[in-house]
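Hello,

Please find the structure we talked about below. My notes on it follow.

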There are 2 protein chains.
Amino acid sequence: MKPLRRAAILAVGSELLTPSKIDTNSLYLTEQLNLLGIDLAFKSIIGDDRVELARAVRGALERVDLLICTGGLGPTDDDVTREVVAEALGRPLRENRAIGDRIRARFEGRGLQMPEINRRQAMVPEGAQILENTKGTAPGLWLEEGDRVVLLLPGPPRELKAMVALLTEGLLKARASGDVLVRRVIKITGRTESHTEEAVRPLYGEWATAPVAVSATILASLGQIELHLSARAASREEASSAVDEAVGEVANRLGLDAYSLDGEPLEKVVGDLLRVRGYRIALAESCTGGLIASRLTDIPGSSDYVTRGIVAYANDAKTDLLGVPAALIAEHGAVSEPVAVAMAQGIRASAGVEASVGVTGIAGPGGGTPEKPVGTVAIAARVGDVLRSRVYRFVGDRELIKFQASQAALDMVRRILQA
Amino acid sequence: MKPLRRAAILAVGSELLTPSKIDTNSLYLTEQLNLLGIDLAFKSIIGDDRVELARAVRGALERVDLLICTGGLGPTDDDVTREVVAEALGRPLRENRAIGDRIRARFEGRGLQMPEINRRQAMVPEGAQILENTKGTAPGLWLEEGDRVVLLLPGPPRELKAMVALLTEGLLKARASGDVLVRRVIKITGRTESHTEEAVRPLYGEWATAPVAVSATILASLGQIELHLSARAASREEASSAVDEAVGEVANRLGLDAYSLDGEPLEKVVGDLLRVRGYRIALAESCTGGLIASRLTDIPGSSDYVTRGIVAYANDAKTDLLGVPAALIAEHGAVSEPVAVAMAQGIRASAGVEASVGVTGIAGPGGGTPEKPVGTVAIAARVGDVLRSRVYRFVGDRELIKFQASQAALDMVRRILQA
C-alpha cells in the first residue's frame, strides 16, 4: 500500500465554534504527523451537524490520503461522527459486543450502571479496526478505503493523546513513508517583513531545486519577524542537513539581524549571552513598567544573571531610586535620551553589575505631544564599557508599544554583546 | 437584500498548519458575528496554497451567505488570498492608485522607501469596496455577489480587530438581521470550577425557561474561572436585560469571589478601586520578576496610581532597596511570609504611598526543597491600615506560577479595597 503523505483534520463539536473555545488537539496531531513525514493539507472545525460533516468528510476524502476526525464519538444524540463517516464510506454500522462489554465494565468498576445511551459507542462501521481507549469510553476507529485511511479519535485531549501515542508506534508508523519533515524558525529584528523578503528571496530558487528542497514562509508582527524553513527527506539527518544549510545562508545574509536560528525568544538569547560572559544585568524601566524584567525572568535559571529591576514610573522614583538629576528631567523631559542614559548608568552603579538598560517613553493613549507623540520611547543600554542609546517611535496600542520597547531594549543589549 | 445569517471563516496561512501556531482571529470574529445574530457554520484553516484555497472558497460560497477570509493579504509571493478570491468570483484584479499612495506614505512616514513588492497590496478585484487599514498596509476588501458577501481581512490581529470594529457599526451591521446575541463574562477568583458550578447551577433551570433564555458556560484555567452568560433576542435591550438579570443573580451568590461582572482583567479592577480611593501603589517583587507592575501598567492611565516597583531578585537587592533586614532573610529564608511582609512594608515606607505588595517565591524549575517546593510563594499586601499575608502553593510551570502569584497578589489588594 502507498505510504500516507497528506492529512486533513476535521475537529467536530459545536462548542468549537463559539468565541471562547479553540481546537488544540490539532496542534499535537500535527506535530506527530510531521514526525512521520505526513503533511497537514488543511483543518476544519465543524459543529455537531450531520449535513456539514458529511460534506466535509466527502470533500476531504478527495484531497488527502489520511483523514482524521476528532470528537463527536460520545454517547449523546449530538455525537454524530461515527454515523456520518459510516454513511459517507457506505459501510453499515454494527454493534460490537466486545466494546459494549468493555464500556459496561468501566462503569461497573466505578460502581455505576452503564446508561443505555452508551450502547451507541459500541456501534462500529463494517471493516473498522478498533483502537482501545485507555482513558475513556469511546474507542477510536481505523478505517481503510483503498490506499486511504480514515481515523476517528475521541475529542478529550488526554484520551486522544494516549491513543495517538500508540498509533505513532503502530498502525500509523506502518503506513508512514519513512520520510521526515524538519522545521526551523529564524527570528529577526531590525528589518521590516518586506526588507527581510528582499534579502532572502534570492535564495528561494536554489532551495526549491535542491535535492532536498527547502521551503520558506515569513511571518511578521510588530517588533519581530519570523522566517520558517522546512524540508522533507528520507531521514532526519538529510532533512536537518538541508535545513541547516539554508539556515546558514540566511544567517549570512541577515547577519546580526537574525537573533535566533532555532526559534528561541529574545529574552533567552540575551540571557544565554549574559551567562557566557558571566555578566549580571539590572533594569531601569519607566514606560515598559517591569515588562523587560518579567520577560527576562520568564527564563528558567535567570536568577543567575538578573539581579534587580526598578520600575520608576513617577519622576521622583527616577530621582530617588536611580539618581537621575531632577535638573536633567527638567531640562530634557522625562522621556528623553539623556534621562534613559542616566537611568541605565544609575542602576548599573547602584547594583554593581556589568549590564543595564534604561527605558523611558510614552505608551499612551494619553500623554503624547506634537514633539513627543505616543510611541516615543528613549532607550539606553550599558554593557561592559559600551553605552548605546536611541529614541524610537513605535506604533500600536499601549501593550504593543510596551512590547516593542522591551524588544528594542533587549535587542540593544544583544547587539552589544554580539558585536 | 436578505440579511446575513450564516458565516464561514477561512483562515489562510501555512504557519497556521504548524504545531505551534493557532488561529485566534476567529474567536474575536465569532463573538462579533454572534452580536449581529450571525451564526458560524464552520471554519477552516488553509495553507498558502492556491488550489486548496480556491476549493475552499468555492465550497464555502455554496453553503453560507457570509464568507470571511483572514490573512494572506501581505505583499509577498505566498500571500495568495486576493488573487484566488478574485479568480473564484471571476473578477479581474486592478491596481488601485489610492491604496498604493497610502502604503507608500506609510513607509515614508517611518523614513523608509516602499519596497516594490508592496505594490501587490494595491491590487483589487473589480467591484470591491475597500476597507481602510488604520493599523497596517493591507486594506480589507468587501465583495458582494448577489445576496452573498465575501470579506477579506488582514491576518495580524490588531489590524483585523480595528477593521471589524468599523464593520460592525457599518457595512456588516447594515446587512444583519437585527437579532442580537449578547454575552457577558463574569470573572472569579477563590473558587474551583466545581464550587463555582455548585453555586450557580440552581439558577440554570429558571434561566432556560425564561421568555428570553440565558445559557451559561464555565471556563476554568489556573488562577481564574470565567462564567460566560449569553442570550439571544430581537433587540439588544431585551437580550441585555435578560443577561443583566442573570449576572445580578450570580453576583449575589458569589459575593466578593466575582471580581468582574463584565470581563475586565483583574489589573483594571484593582486600578479602578485605587483611583476611586485616591490611593497610589508600589510593588516589591521577587519571583514575579516585574509581572505585577507590568500588568498594572498595561492599563491606560495607570501612571495616576502606579508610582514605582522594585524587582528584588537577588537577596542584596531585597536588603539594599527594600530595607529587608539580612537577619530576617537568614532566619526565615528569602521565601517566607515575614520577608514578603517586610518587602511590602519597606517599599510602602520609601515610596510614601498608600498601597503596596511584597511577593517572594520559587517559580522553578530549580530551587525547590522538600519544605518549600517549587510553587511556594509568600505574598503580603498593605493597603491603608490593613496588612494581609499568606503563603501559597501553586502548580504548573514557571510562567504559570508567576501568573498565579501575580493574580493572588492583585486579588489580595482588591479584597482589602472592597472589604
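Two strands are said to pair if DSSP finds at least two bridges between them. Strands (E, at least two residues) and helices (H or I, at least four residues) are DSSP runs, numbered from the N terminus. With that in place, Val377(B) stands opposite Tyr392(B) in strand 17 of chain B.

This is a predicted model, in which local features need pLDDT of at least 70 and side-chain atom pairs count only at pLDDT 80 or more, while totals for chains, interfaces and linings use all residues. Residues are numbered from 1 along each chain as its sequence is written, and chains are lettered from A and ligands numbered from 1 in the order in which they are written.

Chain A overall

Chain A contains 14 helices and 17 strands. Its radius of gyration is 28 Å, well over the 22 Å that the globule rule gives for 419 residues, so chain A is more spread out than a compact globule. The radius is taken over C-alpha atoms, and the rule is 2.2 Å times the number of residues to the power 0.38. Along the principal axes, the C-alpha atoms of chain A fill a box of roughly 85 × 55 × 40 Å.

Of the 419 residues of chain A, 50% count as buried. A residue is buried if 20 or more other C-beta atoms lie within 10 Å of its own, exposed if 12 or fewer, and partly exposed in between, with C-beta atoms placed from the backbone. Two residues are in contact if their C-beta atoms, placed in that way, lie within 7 Å. Among the contacts in chain A with a separation of 6 or more, 66% are between residues 24 or more positions apart.

Domains

Chain A is assigned domain 1 (6–175), domain 2 (180–260) and domain 3 (266–418); the bounds come from an automatic or database domain assignment. The centres of domain 2 and domain 3 of chain A, taken over C-alpha atoms, are separated by 31 Å. Seven residues from domain 2 and eleven residues from domain 3 make the contact. On the domain 2 side, three of the residues are nonpolar, four are polar and none is charged. Here Ala, Val, Leu, Ile, Met, Phe, Trp, Tyr, Cys and Pro count as nonpolar, Asp, Glu, Lys and Arg as charged, and the others, Gly among them, as polar.

The four-stranded sheet of chain A

Four strands of chain A form an open sheet in the order 10-11-9-12, with antiparallel pairing. Strand 10 (214–221) and strand 12 (258–260) stand at the edges with a single partner strand each, so one side of each has no neighbour in the sheet. From one strand to the next, the twist averages 30 degrees. Axes are lines fitted to C-alpha atoms, for helices over the stretch in contact, and angles run from 0 to 180 degrees between N-to-C directions.

Within this sheet, strand 9 (residues 180–188) and strand 11 (residues 224–233) of chain A are joined by nine bridges in the antiparallel sense. Val182(A) has Ala231(A) opposite it in strand 11 of chain A. Helix 7 (residues 193–209) of chain A packs on the sheet and touches strand 9, strand 10 and strand 11; the direction of the helix makes about 175 degrees with that of strand 10.

Strand 9 of chain A also holds Arg183(A). Is Arg183(A) buried or partly exposed? Arg183(A) is partly exposed, as 17 other C-beta atoms lie within 10 Å. Beyond its neighbours within four places in sequence, Arg183(A) contacts His228(A), Ser230(A) and Thr18(B).

Between the chains

The contact between the chains takes 57 residues from chain B and 58 residues from chain A. The chain B side has 27 nonpolar, 19 polar and eleven charged residues. Strand 2 (residues 39–46) of chain A runs antiparallel to strand 2 of chain B, and five bridges join them. One bridge partner pair there is Ile45(A) with Lys43(B).

A sheet also spans both chains: ten strands form an open sheet in the order 17(A)-16(A)-15(A)-13(A)-14(A)-14(B)-13(B)-15(B)-16(B)-17(B), with mixed pairing. Strand 17 (386–393) of chain A and strand 17 (386–393) of chain B stand at its edges, each with a single partner strand, so one side of each is left without a neighbour in the sheet. The twist averages 10 degrees from one strand to the next.

In chain A, strand 16 (residues 376–383) pairs with strand 17 over eight antiparallel bridges, and Thr376(A) stands opposite Arg393(A). The hairpin of these strands has two residues between them, and Gly384(A) takes a positive phi near 60 degrees.

Regards
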